[in-house]
Amino acid sequence: MTNQERQDLIGRYKDGYNQIAESLSGFPQDSLTAHPIPGKWSAAEIVHHLADSETTSALRLRRLLVEDHPLIQGYDQEAFAARLDYNNRDMAPALEAFRSARATTAQLFDLLSADDWQREGTHSESGAYTPEDWLQIYTAHAHNHADQIRRLREALAT
């Protein structure tokens, strides 16, 4: 990955919270837990997932940067959603946790050397895992869920 490609991803990563906030703007409050698309999460479930995913991802990156060859453990996001009752909890703290975890992680990017970006661990589900892999995954994550929230809002309107 070139430095320019990395910087583009970092900019997009930093914009992730804004994309989520924008996608929620004007979303009907009484429909945040609705499932207008069968088999898909509600907007509230997505926000809780983002909070859990972002705090998990923040720790993953830190482990990659600090530990030698860490094992990065995967987790069952569906089990988290069900067992942690995503659809029956206030999502405001989750949205703030997502924002905060992303903001504190974004601060780290300015500290990383070229060697830091090449550090490697092993992900329990996908194998070799570097900070560059991490950045590619989590840059897209919030944007994909913002699009999902927009699709939910569109489905509610029809």
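User: How many residues does the largest nonpolar core have, and which have the most contacts inside it?

Analyst: A nonpolar core is a set of buried Ala, Val, Leu, Ile, Met, Phe, Trp, Tyr and Cys residues joined through side-chain atoms within 4.5 Å. Buried means under 20% relative accessible area, exposed over 50%, and partly exposed in between (1.4 Å probe, protein chains only). In this structure the largest such core has 21 residues, and Ile-20 and Leu-24 have the most contacts inside it. The model is predicted: local features need pLDDT of at least 70 and side-chain atom pairs count only at pLDDT 80 or more, while totals for chains, interfaces and linings use all residues. Residues are numbered from 1 along each chain as its sequence is written, and side-chain values use heavy atoms, without hydrogens and water.

User: Which helices each supply at least two residues of this core?

Analyst: Helices (H or I, at least four residues) and strands (E, at least two) are DSSP runs, numbered from the N terminus. Four helices each supply at least two residues of the core: α2 (16-24), α3 (43-66), α5 (92-108) and α7 (131-157). The largest share, six residues, comes from α3. There is also a second, separate core of 15 residues, including Ile-10, Tyr-13, Leu-65 and Leu-108.

User: Take Leu-24. With which residues is Leu-24 in contact, leaving aside neighbours within four places in sequence?

Analyst: Contact means heavy atoms within 4.5 Å. With those neighbours set aside, the partners of Leu-24 are Leu-32, Ala-43, Val-47, Met-91, Leu-95 and Ile-149. Ala-94 is buried, because its relative accessible area is 7%.

User: With which side chain does the side chain of Asn-87 make a polar contact?

Analyst: A polar contact is a pair of N or O atoms within 3.5 Å; within protein, one must be able to donate a hydrogen and the other to accept it, and residues adjacent in sequence count only if both atoms are side-chain atoms. Here the partner of Asn-87 is the side chain of Ser-42, at 2.5 Å. Ser-42 belongs to the loop between α2 and α3. At a relative accessible area of 0%, Ser-42 counts as buried. Apart from neighbours within four places in sequence, Ser-42 is in contact with Leu-32, Thr-33, Ala-34, His-35, Asn-87 and Leu-152. The list for Asn-87, without residues up to four places away, is Thr-33, His-35, Ser-42, Ala-44 and Glu-45.

User: Glu-45 is in that list. Which side chain does a polar contact join to the side chain of Glu-45?

Analyst: The side chain of His-35, at 2.7 Å. Glu-45 is located in helix α3 and is buried, with a relative accessible area of 11%. Beyond four places in sequence, Glu-45 touches His-35, Tyr-86 and Asn-87. The C-alpha atoms of Glu-45 and Asp-76, 31 residues apart along the chain, are separated by 14 Å.

User: Which residues have a positive phi although they are not glycine?

Analyst: His-69 is one of them, with a phi of about 55 degrees. Asp-85 also has a positive phi, about 55 degrees. His-69 lies in the loop between α3 and β1 (71-72), and its relative accessibility of 65% makes it exposed. Asp-85 is in the loop between α4 and α5, and at 35% relative accessibility Asp-85 is partly exposed.

User: What kinds of residues make up the lining of the largest pocket?

Analyst: Ala, Val, Leu, Ile, Met, Phe, Trp, Tyr, Cys and Pro count as nonpolar, Asp, Glu, Lys and Arg as charged, and the others, Gly among them, as polar. On a 1 Å grid over the protein atoms alone, a pocket is an open set of points where a 1.4 Å probe fits, with protein on both sides within 12 Å along at least five of seven lines; lining residues have an atom within 4 Å of a point. Grid points are joined across faces, edges and corners, and a volume is the space filled by probe spheres set on the points. The largest pocket has a volume of about 250 Å³. Of its 13 lining residues, Arg-60, His-123, Glu-125, Ile-137 and Tyr-138 are the closest to its centre. The lining divides into four nonpolar, seven polar and two charged residues, and α3 and α7 each supply at least two of its residues.
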